[in-house]
Amino acid sequence: MKLNLNIQPLNTWLNVNNEPLIISGPCSAETEEQLLTTAHLLAATGKVSVLRAGIWKPRTRPGEFEGIGSIGLEWLKRAKAETGLPTAVEVANAKHVEEALAAGVDILWIGARSTVNPFTVQEIADALRGVDVPVLIKNPVNPDLQLWIGAIERINGAGITKIGAIHRGFSSFEKSSFRNEPMWELAIQLKTLCPELPIINDPSHICGNRELIPYISQKALDLDMQGLMIESHVDPSVAWTDAKQQVTPADLAELVDRLTVREPESTNEAFVDKLADLRSSIDKIDDILLQKLAERMSIVEKIGEFKRDNQVTILQVNRWDAIIKKGHAFAKALKLDLNFTEKFLELMHGESIRKQTEIMNAGKAEQGIAAEQHSEIKA
């Protein structure tokens, strides 16, 4: 079901001079000189549409640099006056909203640590009532699509119609090359539920290191995201926060030049016809796959009944090991991704266990109901 949101198109509230949209600036405003120098270098690239800077920084532990504070807003005001770039700042409470608006900040964004807390988001939403300002909402730290949607709905409910989402990845216990797992499927689900919602990717926080930023940036654009938020510092080696994931303005310009911007649609009739033909073939195969899955589950039910009647457990580990080994062998032979194949087999296996569990416990459930009814009669 589509989300019922009142959102203005991105190009009606933000002058995107370049493609793709690039929001850039230091993770933290550290000194006036650092911010102004970075801003001028970014503006000189001709690639950046919005200047961002962290003024208040939520830190995991006390004693770490928590942002320069309100004085940084004055630096941003000067940077805007000198470069012409509109400015963007993260806000985490009503006081931040009031100070940022008073300083003439053009765009506000809500960080991942704030999005995870509905009380915080509602406080920000209440502070925004009656104000006409764009607000970008980062995904929550944990992979919870409903929390992300809820934050967007709260801001929209306060009368803000200039809204965008920022995809910055999600925390995960699994170790990987990324600081935060992209989990692209959640961003895709959000876009499916609200096609008019602009989604901007934050490769800096997904990667946690500058080496992977080009790869994630290109993938985001290939998934039709509307822009990128990339952290940039005049000298990342001495940055006070997130030094490893920031790039110099010159490196940012080179990175953007190497990106390929593709169109979501084509007016070429031959392309459209060929694509429709290929999609029709996929649809037919999908129909067959679903029919075969239904046939498989019908056999699973018979196996469940057979196990129940012969007092045999649902799970046989040796059988599951054999399925995985065979699946891996087939995946290699058919040139299928091993991870995809294993996840697909796990989904089928999980559904098989669920169905057999229902069959195994059906009689017990009926016995339980009968026992309760007998108890009530005796009472």
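Student: Is Asp132 buried or exposed in this model?
Tutor: Asp132 is exposed, with a relative accessible area of 59%. Keep in mind that the model is predicted.

Student: Which residue does Asp132 meet in a salt bridge?
Tutor: Its side chain meets that of Lys162, at 3.1 Å from N to O.

Student: Where do Asp132 and Lys162 lie?
Tutor: Asp132 is in the loop between helix H5 (118-128) and strand E5 (135-138). Lys162 is in the loop between helix H6 (145-157) and strand E6 (163-167).

Student: Take Asp257. What does its side chain meet in a salt bridge?
Tutor: The side chain of Lys47, with 2.5 Å from N to O. This pair links distant parts of the chain, 210 residues apart. Asp257 belongs to helix H10 (residues 249-258), while Lys47 is in the loop between helix H1 (32-45) and strand E2 (50-52).

Student: How exposed is Asp257, and what about Lys47?
Tutor: Asp257 counts as exposed at 52% relative accessibility. Lys47 is partly exposed, with a relative accessible area of 22%.

Student: What about Lys138, which residue does it form a salt bridge with?
Tutor: Asp202, and the closest N and O atoms are 2.9 Å apart. Lys138 sits in strand E5, and Asp202 in the loop between strand E7 (199-201) and helix H8 (203-207). That pair also links distant parts of the chain, 64 residues apart.

Student: Are those two buried or exposed?
Tutor: Lys138 is buried, with a relative accessible area of 5%. Asp202 counts as buried too, at 0% relative accessibility.

Student: Which residues do shared partners join into one network?
Tutor: Glu32, Arg78 and Glu82, through salt bridges that share partners.

Student: New topic: helix H9. Which of its residues are buried?
Tutor: H9 covers residues 213-222, and its buried residues are Ile213, Ile216, Ser217, Gln218, Ala220 and Leu221.

Student: What do they pack against?
Tutor: They pack against helix H7 (184-193), E7, H8, strand E8 (227-231) and H10.

Student: Which residue with positive phi follows H9?
Tutor: Asp224, with phi near 65°.

Definitions and conventions. Residues numbered from 1 in each chain as written. Predicted model: local features only at pLDDT ≥ 70, side-chain atom pairs only at ≥ 80, totals over all residues. Heavy atoms only, no water. Salt bridge = Lys/Arg side-chain N within 4 Å of Asp/Glu carboxyl O. Helix = DSSP H or I, 4+ residues; strand = E, 2+ residues; numbered from the N terminus. Buried < 20%, exposed > 50% of the residue type's maximum accessible area, 1.4 Å probe, protein only. Contact = heavy atoms within 4.5 Å.
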